[in-house]
Amino acid sequence: MATEPLRDRAIVPKQQRRRLQQKDWAPYVFLSPMIFFFVVFFALPIGFALYLTFTRWNPLSTPKFVGLKNYTYLLTQDPSFYLTLKNTFVFAFGTALIGIPLALIIAFVFTLSRGKPLWRSIYWLPMVTNVVAIAYIWQFILDGTYGLVNQLLSAVGIVGPQWLTDPQSAMIAVIMVAIWTGLGQNMLLFSAGLEGIDETFYEAARIDGANTLEIFWNVTLPLLRPTILFVSITSFIAGMGSFTLILVLTEGGPIQSTNVTALYMYQMAFQDLRMGRASAMAFILFVIIFIITLIQLRIFRRGGIEEY
């Protein structure tokens with residue numbers, strides 16, 4: 001009789017230990033599909049791409065280790081890399097510096113107007129349209145002879161340029177199309193940020209006698225800083241990595257005036273079959289984007305460009 005309680009006490013801790021062990025493993029079991037996809041589709045490709053940066057390889061041969069020669073060639077011997085890098089900065093900063101204020105102003109105006117759901121549906125349409133289809137449509141619109149833009153300009157006596165075939169205007173045209181393509185997403189983000197601002201701030205500003213412009217500058221912009229930071233970073237990253245739109249519109253021409261680093265990387269990898277150099281270029285571009293993103297975070301964290 002006395003041995004049964006002692007046996008029960010010995011069994012209970014073992015059951016508890018088993019339950020604890022099961023609880024320890026349960027989160028990993030539920031996370032295992034995500035961990036599998038992360039390793040297979042993210043970690044392994046990045047690790048393999050990093051390995052390729054130190055090799056000379058094309059899909060028809062085995063990789064040959066060359067050390068830092070790919071980085072040395074790109075940074076010291078390849079003039080096209082610096083040309084495409086300059087075009088990338090022009091494209092990225094052009095789309096961000098023009099597109100972000102434009103999206104913010106239009107979102108602010110639409111927030112004050114009626115029919116906001118209708119406006120949101122209209123300016124969201126470019127984001128749900130395939131970028132290749134958008135590029136082909138804009139090719140017809142910007143055609144130097146029969147395009148809609150030049151037809152409208154000629155109606156008022158202005159001779160329009162050859163938008164996509166003139167080195168002086170090709171980058172401007174590509175930036176305009178990129179701004180139009182990303183305008184809907186930025187406007188939607190700004191609209192969400194504007195609606196998240198408490199109305200009491202605006203009421204207090206109106207009681208103090210502030211007009212619409214003063215309210216926008218002194219109330220809306222400071223409270224919208226987190227949204228502006230997010231839109232700035234995502235827009236700049238998208239601009240630095242964009243190449244599909246440019247590939248369809250101009251193929252990097254004319255005379256490489258619109259050839260950006262991502263497009264040059266694509267050409268080097270899949271046309272020239274220099275996977276090692278293309279991978280090295282990708283990591284150089286990643287480091288540049290990472291540094292500029294840190295600068296943006298530091299500027300907004302310290303309260304603005306003036307204080308920085």
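Contact here means heavy atoms within 4.5 Å. On that basis, 65% of the contacts in the chain between residues at least 6 apart in sequence join residues at least 24 apart. The legends below describe close-up views of a predicted model.

**Figure 1. Overall content of the predicted chain and confidence along the chain.** The chain holds 13 helices and 2 strands. Of its 308 residues, 37% are buried. The mean pLDDT of the chain is 85, and a value of 70 or more is reached by 90% of the residues. Confidence is highest in helix α2 (residues 69-76), at a mean of 94, and lowest in helix α4 (residues 116-124), at 72. The pLDDT is below 50 over residues 304-308, a stretch that has 7 contacts in the model beyond near neighbours in sequence.

**Figure 2. Packing of helix α3 with helix α7.** Two packed helices are described by the angle between their axes and the distance between the axes. For α3 and helix α7 (residues 170-195), the angle is about 40 degrees and the axes are 7 Å apart. An angle between 35 and 65 degrees is neither roughly parallel nor roughly perpendicular, and α3 and α7 are therefore oblique to each other. The crossing of α3 past α7 is right-handed. Sorted by class, the residues of this contact comprise 20 nonpolar and 7 polar, with no charged residue.

**Figure 3. Crossing of helix α3 and helix α9.** The axes of α3 (residues 79-112) and α9 (residues 212-223) come within 13 Å and cross at roughly 115 degrees. This angle makes α3 roughly perpendicular to α9. As α3 passes α9, the crossing is right-handed. From α3, the contact involves Leu104, Phe108 and Leu112, while α9 contributes Thr212, Phe216, Thr220 and Leu221. The contact of α3 with α9 has 5 nonpolar and 2 polar residues, and no charged residues.

**Figure 4. Packing of helix α12 with helix α13.** Helix α12 spans residues 261-270 and helix α13 spans residues 275-301; their axes come within 8 Å and cross at roughly 160 degrees. Because angles over 145 degrees count as roughly antiparallel, α12 and α13 are described as roughly antiparallel to each other. The crossing of these two helices, α12 and α13, is left-handed. On the α12 side, the residues in the contact are Thr261, Tyr264, Met265, Met268, Ala269 and Phe270. They meet Met275, Arg277, Ala278, Met281, Ala282 and Leu285 of α13. By class, the contact of α12 with α13 divides into 10 nonpolar residues, 1 polar residue and 1 charged residue.

Figure 5. Leu164 is located in the loop that lies between α6 (148-155) and α7. The relative accessibility of Leu164 is 14%, so this residue counts as buried, the cut-off being under 20%. Leaving aside neighbours within four places in sequence, Leu164 contacts Gln139, Leu142, Ala170, Ala173, Leu249, Thr250 and Pro254.

Figure 6. Pro254 has its place in the loop between α11 (244-249) and α12. The peptide bond leading from Gly253 to Pro254 is cis, with omega near -5 degrees. Glu251 lies in this loop between α11 and α12, and its phi is near 55 degrees, a positive value in a residue other than glycine. With a relative accessible area of 60%, Glu251 is exposed. Ile255 also lies in the loop between α11 and α12. The phi of Ile255 is near 55 degrees, again a positive value in a residue other than glycine. Ile255 has a relative accessible area of 74% and is therefore exposed, the class being set at over 50%.

Key: Residues are numbered from 1 along each chain as its sequence is written. This is a predicted model: local features need pLDDT of at least 70, side-chain atom pairs count only at pLDDT 80 or more; totals for chains, interfaces and linings use all residues. Side-chain values use heavy atoms; hydrogens and water are left out. Axes are lines fitted to C-alpha atoms, for helices over the stretch in contact, and angles run from 0 to 180 degrees between N-to-C directions. Helices (H or I, at least four residues) and strands (E, at least two) are DSSP runs, numbered from the N terminus. Angles under 35 degrees count as roughly parallel, over 145 as roughly antiparallel, 65 to 115 as roughly perpendicular and the rest as oblique. A crossing is left-handed if the near helix is turned anticlockwise from the far one by less than a right angle, and right-handed if clockwise. Ala, Val, Leu, Ile, Met, Phe, Trp, Tyr, Cys and Pro count as nonpolar, Asp, Glu, Lys and Arg as charged, and the others, Gly among them, as polar. pLDDT is the predictor's confidence in each residue, from 0 to 100. Buried means under 20% relative accessible area, exposed over 50%, partly exposed in between (1.4 Å probe, protein chains only).
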